[in-house]
Amino acid sequence: MAAEPRGDALSDGLLELLRPGVAEVDGQVQAVRESQVELREQIDRLAAELCRVNEEQKVCLDLDPYVKKLLNARRRVVLVSNILQNAQVGASAGTRGSELEFRLVPLEYCFV
């Protein structure tokens, strides 16, 4: 039984040691999430503008493939935002408990 208090103290010490780093990463993830939202909004505006230009143009230039590429990029941005949000929630929840929990997401999910 003597090992349990020492183990708890060790866990608490490690948690306190890692807490500033996790907080810093959490802040950086939040900044990335905000930039992802801005990027998604810019993609939406650009796609709408391309659709408008495509409808109004007199020259036969098909912009639909470019609109589709933009929408595909938007989908990836949303996916990355969701992954970041889940990672941030998991890390934040872990710092409140007695242990840190990190969820690693395979890189291929970022580029689906």
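Leu-10 is exposed in this predicted model, its relative accessible area being 56%, where exposed denotes over 50% relative accessible area, buried under 20% and partly exposed the range in between, as computed with a 1.4 Å probe on protein chains only. The residue lies in helix α1, helices being DSSP runs of H or I with at least four residues and strands being runs of E with at least two, numbered from the N terminus. Together with Leu-14, Leu-17 and Leu-18, Leu-10 makes a nonpolar surface patch of about 410 Å². Such patches consist of residues with over 30% relative accessible area and no salt bridge, in which nonpolar side chains (Val, Leu, Ile, Met, Phe, Trp, Tyr) are joined within 5 Å and like charges within 9 Å; a salt bridge places a side-chain nitrogen of Lys or Arg within 4 Å of a carboxyl oxygen of Asp or Glu.

The model is a predicted one, in which local features require pLDDT of at least 70 and side-chain atom pairs count only at pLDDT 80 or more, whereas totals for chains, interfaces and linings use all residues. Residues are numbered from 1 along each chain as its sequence is written, and side-chain values use heavy atoms, with hydrogens and water left out.

The chain contains two helices and zero strands, and 19% of its 112 residues are buried. Of the contacts (heavy atoms within 4.5 Å) between residues at least 6 apart in sequence, 70% join residues at least 24 apart.

When neighbours within four places in sequence are set aside, Leu-50 is in contact with Leu-63, Tyr-66, Val-67 and Leu-70.

Two further positions can be described in like manner. Ser-81, placed in helix α2, counts as buried at 9% relative accessibility, and, apart from neighbours within four places in sequence, Ser-81 is in contact with Arg-33 and Gln-36. Asp-62, by contrast, is found in the loop between α1 and α2 and counts as partly exposed at 45% relative accessibility; residues up to four places away in sequence not being counted, Asp-62 touches Asn-54 and Gln-57.

Key: Accessible areas come from the Shrake-Rupley method with a 1.4 Å probe; for residues, only the protein chains shown count as cover.
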